[in-house]
Amino acid sequence: MDLLINTYMAEIAAVSTIAIFMAMLPGADFIMVTRTSISNGRLAGLYMSLGMSLSVCIHASYSIAGLAVVIANSAWLFLAIKYLGSAYLIHLAWQLLTTPKLLNKDLSNQTTQMSTFKALRTGFACNILNPKTSIFFLSIFTQVVSVDTPLIMQVSYGLIIVLAHFVWYSSVTLLLSQPSILPSFKRQKQRIDKIAGFILMIIAIKLTLVSHI
């Protein structure tokens with residue numbers, strides 16, 4: 001194992017660095033975790049973080065299986081994934097932008113309930129259909145990871161990426177759900193929802209315009 005690590009140290013460093021910055025890069029997943037942590041509390045935020053991390057496992061699995069190369073070289077399949085993901089982001093954005101003002105006002109000073117399953121499901125769907133995540137994995141496994149890299153190392157890369165995402169989003173959740181700062185965010189719940197919806201819409205439109213990896 002030590003020999004493998006030494007042999008593929010350059011790939012490990014590249015994948016780890018990209019994974020960390022990828023997780024921290026503001027996008028649809030960050031917006032959803034932030035909004036959920038503020039509106040629905042710590043537990044919902046952590047389960048959403050878990051759901052997003054589980055979806056990363058799916059992306060890593062098809063990339064390791066070699067499907068990343070197939071997708072990268074199939075224009076129609078790439079477009080289908082891109083447009084499906086963009087449509088889901090637009091759906092999430094529309095929900096946030098059209099949240100009734102009165103409902104926001106009534107809930108501005110309390111934490112609304114979201115079941116752990118719904119939080120997990122929403123986080124999973126958000127990331128599994130996020131074109132940014134798909135493009136990230138297509139790039140990693142077609143341009144950074146060598147075709148000769150052993151399976152055990154590719155699996156290790158996938159675990160590194162999953163861990164980076166879970167640690168980052170869990171940290172965001174724990175920070176934003178602190179009792180000392182949460183009330184300030186809650187007073188701005190309606191504004192946060194509108195801003196989050198607007199950003200998600202912009203991200204979806206921008207990703208739709210991506211024509212290649």
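**A tour around helix H10**

Select Thr 173 to start. Apart from neighbours within four places in sequence, Thr 173 is in contact (heavy atoms within 4.5 Å) with Val 33, Ser 37, Arg 42, Gly 45, Leu 46 and Ser 49. This is a predicted model: local features need pLDDT of at least 70, side-chain atom pairs count only at pLDDT 80 or more, and totals for chains, interfaces and linings use all residues. Residues are numbered from 1 along each chain as its sequence is written, and side-chain values use heavy atoms, leaving out hydrogens and water.

Stay on Thr 173. Its relative accessible area is 0%, so Thr 173 is buried (under 20%; exposed is over 50%, partly exposed in between, with a 1.4 Å probe and protein chains only). Thr 173 belongs to helix H10, residues 151–176 (helices are DSSP runs of H or I, at least four residues, numbered from the N terminus).

Next, select helix H3, residues 28–40, and find Phe 30 in it. Phe 30 is partly exposed, because its relative accessibility is 23%. Not counting residues up to four places away in sequence, Phe 30 touches Trp 168, Tyr 169 and Val 172. Phe 30 and Tyr 169 lie 139 residues apart along the chain, yet 7.3 Å separates their C-alpha atoms.

Now show H2, residues 9–24, beside H10. Their axes (lines fitted to C-alpha atoms over the stretch in contact; angles run from 0 to 180 degrees between N-to-C directions) are 9 Å apart, at an angle of about 30°. Therefore H2 is roughly parallel to H10 (angles under 35 degrees).

Definitions and conventions: Helices (H or I, at least four residues) and strands (E, at least two) are DSSP runs, numbered from the N terminus. Angles under 35 degrees count as roughly parallel, over 145 as roughly antiparallel, 65 to 115 as roughly perpendicular and the rest as oblique.
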